[in-house]
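Dear colleague,

I am handing over the structure we spoke about, and it is shown just below. My notes on what was found in it follow after that.

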Amino acid sequence: MASSDCENFVRDGKKIIGAAVNYHDFLKKNNVPAPENPVMFLKPTSSYIVEGQDIIIPKVFTRVAHEVELGVIINRKCKDVSKQDAMSYVGGYCLALDMTAQCELGVARPKGLPWCMGKGFDTSTPVSRFIRLREIKDPHNLRLWLKVNNETRQDGNTSDLIFNVPELIEYTSKYMTLEPNDLILTGTPVGANPVSAGDVIECGLGDVVSMKFNVKGA
Ligand SMILES: O=C([O-])CC(=O)C(=O)O
Ligand SMILES: [Mg+2]
C-alpha cells in the first residue's frame, strides 16, 4: 500500500494511541526509573484539529500543557507484528501536540484512575499535514522543538526515545489491532508546561514541518 493511502488520517483515523514517559531526558529531569514496557493510552479522533483551528482549554481544567511529539501513521492492518517487521506498517508521519490536562492527570495518576478526559478533550490533538516516508530519512534522529509566545519551551530529539517506533508498534499490536490511518503519538521530550488563553504555540519537526496554534478559553 502506498504511503499516500493514509494521507487523510485526520478524516479517516479510527484511533490515536499515545506513549507516555518515553524520553530519557524526561526521566533524568524528574528522577524517575524507565518503564519496563511502553505505557500507552488512547485519545478519541474527535480531539483532532489542524492549523487554522484553535486549541480551546475546557472550562473544567486549570492546567493544560503542551507536549510536542512525533506522530506515526499506520497504513495497513497490523496485529502481533515483530519490531523487525513493524516499519513496513508505517505509511507516514506527522508533527503532533498531545495537549494534556495536567490538573486532571495529577489527580488520576496516584489514584490509578483513567486518563480519558485529561488526554481526550476536544482540540487536544493538533496535528500537521501528512508527512511522506521519503521526507524523513531517519525517524529516530529528528529535532522536536516548541515555543510559546516565541520563547523556547521544548527542544528535544527523537534519538532520545526510550521505546523507538518499531518497539511501540510491536508492543501495541500485541494487544490491539492497528488499523489504516491510526496515529501513534510517540511521547514528548522534557519541558511540557501549561499554556493560557491568548498564548501562541509554534512547534516543528526537524526541517520538515512546523505549525502554529492559538490557545483560547472555552
Ligand atoms: O502526559 C503525560 O504524562 C504522558 C505523555 O503523554 C508523554 O510523556 O508524552
Ligand atoms: Mg504525550
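I begin with one loop: Asn 31 is found in the stretch between α2 (24-30) and β2 (39-43). Please keep in mind throughout that this is a predicted model. The phi of Asn 31 is positive, at about 55°, although this residue is not a glycine. For background, most residues other than glycine have a negative phi. Asn 31 counts as exposed, because it has 6 C-beta neighbours inside 10 Å, where 12 or fewer is the cut-off for that class.

Turning to the protein as a whole, it contains six helices and 16 strands. Its radius of gyration is 16 Å, close to the 17 Å that the globule rule gives for 218 residues, so the protein is as compact as a globular protein of that length. The C-alpha trace spans about 40 × 35 × 30 Å along the principal axes, and 42% of the 218 residues count as buried. If one takes the contacts between residues at least 6 apart in sequence, 77% of them join residues that are at least 24 apart.

One of the sheets is open and is built from five strands in the order β4-β16-β15-β11-β12, with mixed pairing. The edges are taken by β4 (55-57) and β12 (151-157), each of which has a single partner strand, so one side of each is left without a neighbour in the sheet. From one strand to the next, the twist averages 20°. In general, the strands of a sheet pair through backbone hydrogen bonds, either parallel or antiparallel. Here, β11 (residues 143-148) and β12 pair in the antiparallel sense over six bridges, and within that pairing Leu 146 has Gln 154 of β12 as its bridge partner.

The residues around ligand 1 are Gly 18, Ala 20, Val 21, Asn 22, Glu 67, Asp 98, Thr 100, Leu 105, Gly 187 and Thr 188.

Key:
Residues numbered from 1 in each chain as written. Chains lettered and ligands numbered in written order. Predicted model: local features only at pLDDT ≥ 70, side-chain atom pairs only at ≥ 80, totals over all residues. Helix = DSSP H or I, 4+ residues; strand = E, 2+ residues; numbered from the N terminus. Rg over C-alpha atoms; globule rule 2.2 N^0.38 Å. Buried ≥ 20, exposed ≤ 12 C-beta atoms within 10 Å, placed from the backbone. Contact = placed C-beta atoms within 7 Å. Near = placed C-beta within 6 Å. Pairing = 2+ DSSP bridges. Axes fitted to C-alpha atoms, helices over the stretch in contact; angles between N-to-C directions.
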